[in-house]
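How do the chains of this assembly meet, and where do charged side chains pair up? Have the sequence and the model at hand.

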4 protein chains.
Amino acid sequence: MLLRRRAQAFRLPMAAPDDASALVALIKGGDLDPAHIVAILGKTEGNGCVNDFTRGFAVMALRAALGRWLAPSALDRVAMVMSGGTEGAIAPHMLVLAARPAADRAAPGPALALGCVVTRDLAPEEIGRPAQIALAAEGVRAAMADAGIGAAADVHFAQIKAPLLTMEQIARGGTAAGDTLKSMGLSRGAAALGVGVALGEIAQSAAMAAAVGADPSLWSARASCSAGVELRGMEIVVMGMSDAWAGPLRIDHAVMADGLDIDPVRAALRRLGARFDGQLPPAEAARVCAVLAKAEAPRSGQVRGWRHTMLDDSDIAATRHARAFAAGALAAQTGHAALFVSGGAEHQGPDGGGPCAILYDASSRDQE
Amino acid sequence: MLLRRRAQAFRLPMAAPDDASALVALIKGGDLDPAHIVAILGKTEGNGCVNDFTRGFAVMALRAALGRWLAPSALDRVAMVMSGGTEGAIAPHMLVLAARPAADRAAPGPALALGCVVTRDLAPEEIGRPAQIALAAEGVRAAMADAGIGAAADVHFAQIKAPLLTMEQIARGGTAAGDTLKSMGLSRGAAALGVGVALGEIAQSAAMAAAVGADPSLWSARASCSAGVELRGMEIVVMGMSDAWAGPLRIDHAVMADGLDIDPVRAALRRLGARFDGQLPPAEAARVCAVLAKAEAPRSGQVRGWRHTMLDDSDIAATRHARAFAAGALAAQTGHAALFVSGGAEHQGPDGGGPCAILYDASSRDQE
Amino acid sequence: MLLRRRAQAFRLPMAAPDDASALVALIKGGDLDPAHIVAILGKTEGNGCVNDFTRGFAVMALRAALGRWLAPSALDRVAMVMSGGTEGAIAPHMLVLAARPAADRAAPGPALALGCVVTRDLAPEEIGRPAQIALAAEGVRAAMADAGIGAAADVHFAQIKAPLLTMEQIARGGTAAGDTLKSMGLSRGAAALGVGVALGEIAQSAAMAAAVGADPSLWSARASCSAGVELRGMEIVVMGMSDAWAGPLRIDHAVMADGLDIDPVRAALRRLGARFDGQLPPAEAARVCAVLAKAEAPRSGQVRGWRHTMLDDSDIAATRHARAFAAGALAAQTGHAALFVSGGAEHQGPDGGGPCAILYDASSRDQE
Amino acid sequence: MLLRRRAQAFRLPMAAPDDASALVALIKGGDLDPAHIVAILGKTEGNGCVNDFTRGFAVMALRAALGRWLAPSALDRVAMVMSGGTEGAIAPHMLVLAARPAADRAAPGPALALGCVVTRDLAPEEIGRPAQIALAAEGVRAAMADAGIGAAADVHFAQIKAPLLTMEQIARGGTAAGDTLKSMGLSRGAAALGVGVALGEIAQSAAMAAAVGADPSLWSARASCSAGVELRGMEIVVMGMSDAWAGPLRIDHAVMADGLDIDPVRAALRRLGARFDGQLPPAEAARVCAVLAKAEAPRSGQVRGWRHTMLDDSDIAATRHARAFAAGALAAQTGHAALFVSGGAEHQGPDGGGPCAILYDASSRDQE
């Protein structure tokens, strides 16, 4: 019989982008073996757009902190997916995902399964084009294999951090985007199309023929993609349910049709076992280990028939508006704002909406 | 027997700050007699801070549009309370509140009652100081009398639009604030203390002795105050329940402890008669004529124990973050984002939270 | 002998976008006959980008103020070109340009000549495309005729205010740009290509074949174009030197290779008769009636071999950075910051630079 | 006879806040001995306000890069003064200042002298108060001694990087400022008063009695202070002229009365030996090793009698406007924008203006 694994998820506060003290304390306290870390997803407090250096700063600090325990090659295997933008009351925080061997006596699965892959570097001219789509699809499949998830239907979340184009690369020519902000959207969109292909949500031929970002009817219900200046390849983390994993952690997902579409999230919470009327009561809120959602401004210029101004605002980027708003909707449900809401949902959920995955601790309620 | 009045409430879209076309169409269509208009509350798409000229632009356009029907003196009696800031998906819109004679056969009240007063101009050195508090309290009492509301407990919402200090006035000296943005907070705070005094929520002695903005334990559960460069006096609109009014409109209010505190709002909706599990279904959403809420960033730097970054953000004003976030929370409940969420809640609700009033159409469900 | 005209230029402060009080005072004081006004160019204090409503607010206020003296049809003939963005120390102000009959005894010209035309409305699908280029060229020629300027070489400045696309128009499809901010650039660029064609700086075939904004080697040395949501046609003001005009006002222009390229401006000032070593001394500064310049961020990502960050900044639009910087360079020369520096210089001067026109009062120095 | 020192100054480009590659190349190329580094002053591309993490990121990267050659204790002796904000065309860059032994045959001085001190940590309640003023004055005197500068008149520049208050510290109470942005101003102001005391520009009694920031008539002509979240003590770098130093580098300073007051800078350049009419020609520009200036928005709301909008802008911090504008003025003179212009000039130069120091290479012109 194969040794099963057991996932761990820790949500840790960050007092600044370079604050890894909670992680260090967790390790020193013996609750986490640094060698078990699979991925770290962080919400850092930059603008989440082009000149957001909080992401790179956080990665530099995390590598320095974990460097006490892990060799550089081991560090390279930990996906560090920093997503900038803590608009509204979103709390800067990190989700540390780890995998340790399950106890022999562990109950049968399925349980939360984690897989992680870092792809080769992308050339500037590949960003936002079919080469990136194909590489993302290949990476998702590799991450599924790493997670021991056989069926695409058991994947509930595929997070990809992808590179963007710098002004320097754009000036050299041959790239898909003429400005850096736009390149972020193309890179996110191509990665999401790749997820959709890998998970069977989008026909490969349609994805490869698509002008990235042009056709909002092509979307994945489980892709979450961000772009940052601090990496060249793609970091892919896949989460799902698998019999190869044990433990109390579960995952499910919903698709929000727009930033205020909370009922599908309520349904997912109930499928996971949560009991609530309005907002989650504290005991239930404590079971929600993570909420990972995408937010974006509808291109139609409208939400539920009313005009929004996110796309006409030259002072605040639309992604910032969208994150703050969707975070409010989700926080009203979950009871706090330590939410991994990221912006720029090209091909990730329907136009103006986005996927929302929930990690839930389904431990027995006996002690309650 | 005294003639009773009947309140009307129209929520109208705005394609731009100077777009009064929906109002003009309403009047031309015969659904609204311009002479019945008591107040117009607008959410306009500026930054809601000092250099937000969308408020003044909207007022200029509204006066020009209504000038076809109303003489300047009649226009002066209409409170035009523009609140800037449509962050997140908040829809630029206006609430037109009107009062017409009730039909003889109208059912007995109580029903939504409206009162409106414009105070004398404030001197720059009065802004944010006891003189403004006293003037606001006096104005609220006058507006209650105008509305025919006898008991303070029957007031559910008191909206005050107050002036701010300009750099020029500050440079002349003798004012309470050293910069314009700060003066907005002091002016809102003093107005709110005045509401609290008038409604018996704050002892007059405590309010008059208070350093405005310093003691967050002094607050009104029904005050909503904003400040703008486009006026010198205070425009006060009071809403409540009164037997002197008839018709299907009702009002109730909740106090949100923070921007995501949605359960008190759910309770208020249910008190008003709404039936729902999660988000309001469309038929219920259509009954909600208006949602008027305040939002602000908690000074503690935390929301539910997690750090927020609103007060440390030098790129986006905290009021803008807070409005977007609270609007998300409320929209997830009400089903759309045509919400009158305004920022800067000094002495309006507890620190980091704010009052939320709901106008509801309790017409018989027979036709449903 | 034909009656000659004499140009007047007034630079007036604005305390807010809707402040026309200095203009009203000028008229009431008898220094300006409102019937003589040809154009009003204003720098208003919005962001100068899509959601800048200060431009429309200023126009509404100017029309209301001048409406005391001018009939609507006369008002429609006054070009009101508001340009948003008073970054750095740029002073909100307006330039009022007027033309009155010259005295019989006036010295022979040439002198500053003014011409003004408003084109037909543009359809959304024409914006940023050859139809707009052709219409702009036709309009510039008509404005030259209006000004009595025969030779293109005598034109020193052609200001065009053009429309932009709204989200609503973009959503309907068929337009050249996918977002509103981008449409501003395309509209400015097409207008500038039209100026270049009319003035013989750009071959008509090259302009009509150009993808607007794509080839920075196509530029006019005298075009200054802005875009705003408040108009549908193009307002064109041409300034140059003509024997048909008398009086002490003169105009000349320079081309700045980048935002700090002040030596060509110094040369133009000296051609106009100014005497100075460093900054203009007060007596010379008083002779400079207007400085009209364009500013933009070089696409290369560099200024004089050093990296700039304007195009990578997701918090502040590049146009805002560029205006503030070029205004500093020009103000250091002219001795004050009441400068008409506008952003977005597509096809207006070389990439990263822009035209700069100077109006100068060359009255005899006898009284000095 | 004492061994004399010789100062070195290198201006190096930065492709990102964490880019130390030019410094590493300089060291590897043998042009700089890392043990000689006295201070590194960097302009990094954040907002220069509270949530500017580019400063800390740059310091972390510099320490990592220099860590190959210097032990932690040696690193701690290098002042790393990062100043955020590269508005307009300001180039992200660093100035590396070093001191090596002078050759025996070196010509007699005086020449540029460098001194550097790091003070003890400040308690949160000391920031912006007399304790900080006194500590700054003491530190400047110590840095003068370190530089071998005997007379205060020979000091031309005193750069202090000081801490600010975080929301957390403010929430604990007892601090001088109620928000983080304001604490930056108080910390800069107290440090500048300390410089003024040490250099004999401000009477000690007046400085200690002053409410920091309140009286703009108290100022130093040679102080340049910034505040950042990444340090607790003050880093002080003093530059001046001393016979104890040899080599071709010189320093002089000017005081700009406002952001466009370029004539005092021209006079200082001429005192240093530069020859020019308008902008510095390339050969002269190459001799200017560094320009270090402060910029701020005049509190009067006016520049040269015209209104500015910097202090009324709720979208862009006044410091950002002021830096972009003053950088334009200076760049027009120096011929490039690799300028160390920092914002927030409380007690540093007159209200609305600031000191400007210039490092100049006065090598013989024989080879020209």
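The model is predicted. In it, 47 residues of chain A are in contact with 47 residues of chain B. The two chains bury about 3,500 Å² between them. Carbon and sulfur atoms account for 58% of that area. On the chain A side, W306(A), R307(A) and F325(A) lose the most area to chain B, together 22% of what that side buries.

Polar links also cross this interface. There are 22 residue pairs in polar contact. Elements that give two or more residues to the chain A side are β1, α8, β13 and α10 of chain A. The largest share, nine residues, comes from α10(A). By class, that side has 23 nonpolar, 11 polar and 13 charged residues.

Eight of them lie between chain A and chain B. Some examples follow.

| Pair | N to O distance |
|---|---|
| R307(B) and E45(A) | 2.6 Å |
| D277(A) and R270(B) | 2.9 Å |
| R304(C) and D258(C) | 2.7 Å |
| D258(D) and R304(D) | 2.7 Å |

Is D258(C) buried or exposed? D258(C) counts as buried because its relative accessibility is 9%, under the 20% cut-off. In chain D, D258(D) is buried at 9%, while R304(D) is partly exposed at 34%.

Salt bridges that share partners also join E87(A), R320(A), R323(A), D313(B) and D315(C) into one network.

Key
Residues are numbered from 1 along each chain as its sequence is written. Chains are lettered from A and ligands numbered from 1 in the order in which they are written. This is a predicted model: local features need pLDDT of at least 70, side-chain atom pairs count only at pLDDT 80 or more; totals for chains, interfaces and linings use all residues. Side-chain values use heavy atoms; hydrogens and water are left out. Contact means heavy atoms within 4.5 Å. Buried area is the accessible area (1.4 Å probe) that two parts lose on being put together, summed over both. A salt bridge is a side-chain nitrogen of Lys or Arg within 4 Å of a carboxyl oxygen of Asp or Glu. A polar contact is a pair of N or O atoms within 3.5 Å; within protein, one must be able to donate a hydrogen and the other to accept it, and residues adjacent in sequence count only if both atoms are side-chain atoms. Helices (H or I, at least four residues) and strands (E, at least two) are DSSP runs, numbered from the N terminus. Ala, Val, Leu, Ile, Met, Phe, Trp, Tyr, Cys and Pro count as nonpolar, Asp, Glu, Lys and Arg as charged, and the others, Gly among them, as polar. Buried means under 20% relative accessible area, exposed over 50%, partly exposed in between (1.4 Å probe, protein chains only).
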